Amino acid sequence: MLKHNVNGNIEGVRDAMLARLDSLYTYELEEDEFLPRELMKLLAECSCALNREIAVYITRDGEIVNVAIGTDCDVELTDFRLRRNTSRLSCVRCVHTHPDGDGRLSDVDLSALKIFRYDAMTAVGVKDNEPVNVQTAFLVENAEVMLSPVEHWYKLPEKEWLNQILESDQLVGREETEENKDGREKAVLMGIESKESLEELARLAETAGAEVVGSFLQKRDKPDSAMFIGKGRAEELARECQALEADVCIFDEELTGIQVRNLEEVLRVKVIDRTALILDIFAQRASSAEGKLQVELAQLQYRSARLIGQGLALSRLAGGIGTRGPGESKLEMNRRRIRERMTELRRRLDELEKQRSIRRKSRERNEIPVVALVGYTNAGKSTLLNALTGSDVYVQDQLFATLDAVSRRMTTSENTEYLLTDTVGFIRKLPHTLVSAFRSTLEEAVLADVLVIVSDGSSQEMFSQHDTVEEVLAELGATDQKRIEVINKCDEGDPDPVFPGAILISAKTGEGLEDLKAKIAETLQESHRPVTFCIPFSRYGILSEIRPLGRVITENHTDTGTEITLMIAGEDAERLIKKYGAEIVKT
Ligand SMILES: Nc1nc2c(ncn2[C@@H]2O[C@H](COP(=O)(O)OP(=O)(O)OP(=O)(O)O)[C@@H](O)[C@H]2O)c(=O)[nH]1
Ligand SMILES: [Mg+2]
């Protein structure tokens, strides 16, 4: 695993110096040595000659397994721990120089200690080719750090420090299981350009169960194909992640598999993108059989496009966000198994889709018009459904509370029956894999007769969210229906400006709901009205065409034929008149 050569910033370092540092790999410490003076002197000489930090990593067996050169103020601190959350220390201690002669440990040193779980973290202040003073930190219970006093380099309590390593190992091991119980992952966010989108990413991360400990915004220049962000920025981000003790870094843009792997190598934390985050939320939320299949399919589609050798080792070992799903055990599947599984999922989804369309047909036979509540996630669609119907559908102040379309039967004051349907919320940059996997669920909206577009009037982003909703509807082909614009959450203050013709409501207080009901009734009336057809016996066949088109109110047999009155969509009535002549309708 470890190569015998000097790592880190070796640019401009002479060969003779490299050879000297390389020889450190053959250095062996005695059993009772923590940091021998001879080694300290050697490090001091090299570090001062280069005016850069030098780090060596020492195993408990006294072997030096890594030597690295840094700039004058930092050195790349290497992760020897291959698995996060193991209950022990890494069995490697890090000893590094501070060329400014100050042997006190810095904050970055201490968080590296915590993140990488070194046995110990030691800084040696060096000046004029000589060591000056030394400080060492150890981990103790609750991931706290215990600092030694700053010691003169000549008087290191080597035995004491070696014993402390063994003690720390015990303490850390004991605390681990407790720490993991509510182990919320700490997330650092990386946004590109849009602050709004980054804020939303933070909400998404929290919804997924992470704690956001930092977020950064980056100007979009040419996306770097290797890492999406430039190398320099990535290294900076690595230090930020280290200082913030992040477990995961979430990018607000879709990343390729290669980019994820390269970023993980530099950042040393798990890296996921916005799509993986949204998929993860869906995976946690999906409850119906169909929803679960859809999520698994979307996740596999996403992953199969990103399978790169055995990469992503960090993500997979770490678990947590981006690794959960209905088919969690299938994470390790190879390409062929993934293809087979996807085919299987598609087949089962098709079956369910068939059943769904049978149900839909039987609904069409009674022709109950469908009114769908659509809108941005968290706009209050489910709350509104509950308020209008007295139901108890799941409502949460989180994104994607609703994943399955839920319908309730309603009646207007004019006795028109209709189905009110709650739908999955939309979001900007909705992953395409999700749109395709959830197509049949989202189609509830497409097949609706009337769309009630619910906007969150309390959001600064109301207009851009509305644009997103329009875009997704267009993508789904839901452009022809009648629309009712609703602005919700008006109890939080009057939004200004508003969409023309929008109804202001509060699903919470009930304000404006009567107006909305009246508007729904009026819109349904426009689209669905009672029409009476008179069909003579001679044209009896037409009846079988008419009947399935609407809810039959009355049907009488007269001397000349049949008089049938039913609620029918305006366009259907017109089509029939065009086809069979105006005389079939009683005026
Ligand atoms: N102040 C206020 N809050 C509301 C109102 N309507 C809904 N909310 C809150 O907004 C949050 C989201 O409500 P939901 O009904 O779950 O929103 P949704 O549109 O169904 O969200 P998704 O299912 O995630 O797409 C909840 O915390 C609600 O309590 C309202 O009229 N006023
Ligand atoms: Mg909802």
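The following dialogue reads selected features of a predicted model.

Student: How many helices and strands does the protein chain have?

Tutor: The protein chain contains 18 helices and 21 strands. Of its 587 residues, 54% are buried. Among contacts with a separation of 6 or more, 67% are between residues 24 or more positions apart.

Student: Which residues of strand β12 lie on one side, and which on the other?

Tutor: In strand β12 (residues 270-273), Lys270 and Ile272 are on one side, while Val271 and Asp273 are on the other.

Student: How many bridges join β11 to β12?

Tutor: Strand β11 (residues 248-251) runs parallel to β12 and is joined to it by four bridges. One of the pairings links Val248 with Lys270 of β12.

Student: What describes two packed helices?

Tutor: The description consists of the angle between their axes and the distance between the axes. Here, helix α12 (residues 381-389) packs against helix α16 (residues 513-527) at an angle of about 85°, and their axes are 11 Å apart. Angles of 65 to 115 degrees count as roughly perpendicular, so α12 is roughly perpendicular to α16.

Student: Which residues of α12 and α16 make the contact?

Tutor: Helix α12 contributes Leu384, Ala387 and Leu388, and helix α16 contributes Leu513, Leu516 and Lys517. By class, this contact has five nonpolar residues, one charged residue and no polar residues.

Terms used:
Residues numbered from 1 in each chain as written. Chains lettered and ligands numbered in written order. Predicted model: local features only at pLDDT ≥ 70, side-chain atom pairs only at ≥ 80, totals over all residues. Heavy atoms only, no water. Buried < 20%, exposed > 50% of the residue type's maximum accessible area, 1.4 Å probe, protein only. Helix = DSSP H or I, 4+ residues; strand = E, 2+ residues; numbered from the N terminus. Pairing = 2+ DSSP bridges. Axes fitted to C-alpha atoms, helices over the stretch in contact; angles between N-to-C directions. Parallel < 35°, antiparallel > 145°, perpendicular 65-115°, else oblique. Contact = heavy atoms within 4.5 Å. Nonpolar A, V, L, I, M, F, W, Y, C, P; charged D, E, K, R; others polar.
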